[in-house]
Amino acid sequence: MEWVDFFLQQLITGLSNGMIIALIAIGYTMVYGIIELINFAHGDLFMLGAFLALTLLGMLGLGDWSGASAWAAVVIMLIASAGFCGALNWGIDRLAYKPLRSASKLSLLVSAIGASFILVNLGLFWGGLPMDVFAGGVAAAAPKDFPALVPNTNLLGEESLVQFTPKDVLVWVVTVPLMIGLTWIVTRTRLGKAMRATAQNPVAARLMGIDTDRVIGATFLIGGALGGFASVIYSLYNNTISFQMGYRAGMDAFTAAVLGGIGSMPGAVAGALVIGLVRSMSDAYLETRWTNTIVFGILVLILIFRPSGLLGSRVKEKV
Amino acid sequence: MRLLPTPILAYFAIMAALPLFMGTSGLFYDAFQAIFVFSLVGLGLNVVTGFTGLLNLGMAAFMAIGAYTFAILTSDIYPFQIGFWWGIVATVVIGAVAGFLLGAPTLGLSGDYLAIVTMGFGEITLDVLKNLDAVTKGTQGINPLPRPTFGSWTLELQQERGWYWLLLGFVLLAVLAVRRLERSRSGRAWLSIREDALASQCMGIPPKRTKMIAFSTGSALAALGGALFAALLSSTGEPASYDFQVSILALCIVIVGGMGSVAGTLVGAVVMVGMNSLVLVKLADWAGAAGVGGASNVLASPNNWKYLIFGLALILVVRLKPDGLLPPRLEGGSG
C-alpha cells in the first residue's frame, strides 16, 4: 500500500523534527515559567550553536568522517554547543535581562528583541569567517552546508519505501535522555525545587532563603544548553544552516510552547510533536509554501481561543 | 491651547527649509522621504505602544496592507483606478478596518501574547502576499502606480523636492491628528488604560473599546505610510520589503524617541531611519572609496551592521534611558 508508506514517512519525519523543536521549546517554556519573559533571543542562540558546531568540525578537519570517528565528532559537537549556548544564554540574562527585573514587562521584551537582533548579526559575521566550512567566508549571508556525518542509509532495508535512518535514531537517542534528565532535575533535586518555588512566587522564595538570581541564572543555563543540543542534531538532520534560521526555529518552538501551555514542560514536548507533524503533513499533502502560514495561523488561533494551551492549567487572567 | 508646541514647530520649519540648501542630492531625498514615511508608521505605533501600552510587532503588515490596497485600487492593471487622492483616503479607511479586524478578537490578550499574535499576523500577511501571486503579482510587486495631481498639474516621480514636501505635509497632518486625538476623550482613555487598566475600568472606561480605537488609529497611520511608500516608488516592491525587520525599525523609532511622545517619535525616525538609509549608505561609499569594501569581507560592508545597531539601540535605550531621547511631559500632554 503506497499511501500508507507515504503517510508513515511523513509521520517519522514529523516526529523527529518535532523532537528537535521540543528541545528548543523547553528553553522558552522554562524561562517563561520563571520570569514571564518570551526570550526572543532563544531561537538565535540555537542558530549560533549550529555555527559553533560547524566551526569545530572545520577545525577538526573535513576529512572522511565515518564510523567511530564520526560519532566521536558528534559527541564533541554536542558537548561544545551545549556548553556554549548555556553560557551564552546565562550571559544574555546577566547583561540584558537582569538589570530590568523590576522594570515593566514591555521593557524586558524589547530588550530580548534587541538581544535577538545582536545574535543574528553575530551569526552573519560568523558566516564570513575565512574557513573551508564557510566556503571561505566569501558569501557570508548564504546558507552553509553542514557535512553529513550521520549516514542517510535506510535501516529498514534498501527496498523499503519508508525511510528510517541513523539520523532519526540520533534525534531520539539524544532528545529522550535529555528530557528524562531534565524531568529528574526539576522534580527530584534541590535546584529543581528552588526553580519551581521561584516560578510560583519569587518573593516568597527569596524569603525562604532561596537565591532567586542564582536559580534564574541556572534556568537560563539549562534552557540554553538544551538549545545547543538541539542545534547540533538539527544541523546533522537537515545538513544546512543559515544565520536566519533562528527566527523560524524560534517561532516554531515558541508556537509549540504556547500550544502545549506555556510554562509546562510536558506541554512543550507535546506541542512540539504536533507542530512537527503539522509541518511534515502540510509539506506533503498541501503546498510547502503555505506551511508557515498554517503554523502561524495555529499560533494565532490558539492564543485567541485557548491561551492557556492544550495541556496548560487555566490561568487566571488579569484585566 | 496652542496648535503645536515650539519643538514640533521648529522641527517642521527646519524640515520644510532643508531642501532649499540640499541641492539635488539623491541620497538626501531618498533618506528623508524614508524618514517621513517611517514617521507616519512611528506615529501610528506611538499611539498603540506609547499611549496605550500595547506592543504591536506587526506594523509592517499594516504598511503592506496599505501599500497593496493603494496599488490595487489605483494601478492601471486593475479595473478600479480611483486615482491618487481617493486611493489614499480608501487606504486609510481600510487600514483602520484591518486594525479593527485583527484587534477585535485579540485585544483581550495580555501584553506579550498580543505581541506574538501581531508578529504572527505579520508573517501570515507576508506569506499571503507572496503566495497569492494572481492578485499581488508575487515578488514583482504591483506597478506602476499613479502620481498625485493638483488640479491639472501632476507631481512626477523625478520631482524629488515635491515628493519631499508632500510627505512632510502628510506627517504634519498626522501630527495634528494624533495630538488632537491625544487630548480627546479617547486619548485620555488610552493613557489611563496604560497607567492602570483596573482603575480606569472602575472609572467607567471600557478597556476593549479604548484599545480598539488606539489599534485602528495606529493601523490606519501605518497603512498611510505604506501607501505613500508605494506611491513614492511607483511600486509596492516585493512582499519581503515589509518583513519583521521593518516592524522592529518602527519599534526602535518609538522606543528611542520616547514612548508616548509625538516629538520623540519624529526625532526617533530621523535618528533610526537616518542611520539606516543615510549613515550606513554613506559609510559604504567611503569604505568602497577606501578600497576596504567588496563582497569578500563581511565586516567591511556597513549594511551588515544594521541588526547589531538596531539591537544595541533597543537594549541600551531600555537600560539607560527608558523614557527615550525626548520623553513626554505628562502634565502638558506630549511635548
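## Handedness first

A crossing of two helices is called right-handed if the near helix is turned clockwise from the far one by less than a right angle, and left-handed if it is turned anticlockwise. With that in hand, welcome to the structure, which is a predicted model. In chain A, helix 1 and helix 10 make a right-handed crossing.

Helix 1 covers residues 2–35 of chain A and helix 10 covers residues 265–285 of chain A, and the two pack with their axes 6 Å apart at an angle of about 140°. Angles over 145 degrees would count as roughly antiparallel, and helix 1 of chain A and helix 10 of chain A are therefore oblique to each other. Their contact is made up of 14 nonpolar, 9 polar and 1 charged residues.

## Chain A as a whole

Chain A contains 11 helices and 2 strands. Read from the N terminus, the order of its elements is α-α-α-α-β-α-α-α-α-β-α-α-α. The C-alpha trace of chain A spans about 60 × 45 × 35 Å along its principal axes. For 319 residues, a compact globule would have a radius of gyration near 20 Å, and the 20 Å of chain A agrees with that. Of these 319 residues, 50% count as buried. Among the contacts in chain A with a separation of 6 or more, 74% are between residues 24 or more positions apart.

Another helix pair to look for in chain A is helix 3 (residues 67–97) with helix 8 (residues 212–238): their axes come within 6 Å and cross at roughly 140°. This crossing of helix 3 and helix 8 of chain A is right-handed. The residues in the contact are 16 nonpolar, 9 polar and 1 charged.

## Chain B as a whole

Chain B has 13 helices and 2 strands. Its C-alpha trace extends over about 60 × 50 × 40 Å along the principal axes. A compact globule of 335 residues would have a radius of gyration near 20 Å; chain B, with 20 Å, agrees. Of the contacts in chain B with a separation of 6 or more, 78% involve residues 24 or more positions apart.

## Where the chains meet

The contact between the chains takes 38 residues from chain A and 42 residues from chain B. On the side of chain B that touches chain A, the elements giving two or more residues are helix 4 (84–106), helix 5 (111–131), helix 9 (197–202), helix 11 (244–257) and helix 13 of chain B. Helix 5 of chain B gives the most, with 13 residues. By class, this side of chain B has 27 nonpolar, 11 polar and 4 charged residues.

## A residue in helix 13 of chain B

A313(B) also lies in helix 13 of chain B. A313(B) is buried, with 20 other C-beta atoms within 10 Å. Leaving aside neighbours within four places in sequence, A313(B) is in contact with C252(B) and V256(B). V256(B) is 57 residues away from A313(B) in sequence, yet their C-alpha atoms are 7.2 Å apart in space.

## Backbone details in loops

Most residues other than glycine have a negative phi, and most peptide bonds are trans. N239(A) has a positive phi, near 60°. N239(A) sits in the loop between helix 8 and strand 2 (240–241) of chain A, and with 16 other C-beta atoms within 10 Å it is partly exposed.

In chain B, Q81(B) has a positive phi near 45°. Q81(B) is in the loop between helix 3 (59–74) and helix 4 of chain B, and it counts as partly exposed with 13 C-beta neighbours inside 10 Å. The bond joining N143(B) and P144(B) is a cis peptide bond, with omega about -5°. P144(B) belongs to the loop between helix 6 (133–136) and strand 1 (149–150) of chain B.

Methods:
Residues numbered from 1 in each chain as written. Chains lettered and ligands numbered in written order. Predicted model: local features only at pLDDT ≥ 70, side-chain atom pairs only at ≥ 80, totals over all residues. Contact = placed C-beta atoms within 7 Å. Helix = DSSP H or I, 4+ residues; strand = E, 2+ residues; numbered from the N terminus. Nonpolar A, V, L, I, M, F, W, Y, C, P; charged D, E, K, R; others polar. Rg over C-alpha atoms; globule rule 2.2 N^0.38 Å. Buried ≥ 20, exposed ≤ 12 C-beta atoms within 10 Å, placed from the backbone. Axes fitted to C-alpha atoms, helices over the stretch in contact; angles between N-to-C directions. Parallel < 35°, antiparallel > 145°, perpendicular 65-115°, else oblique.
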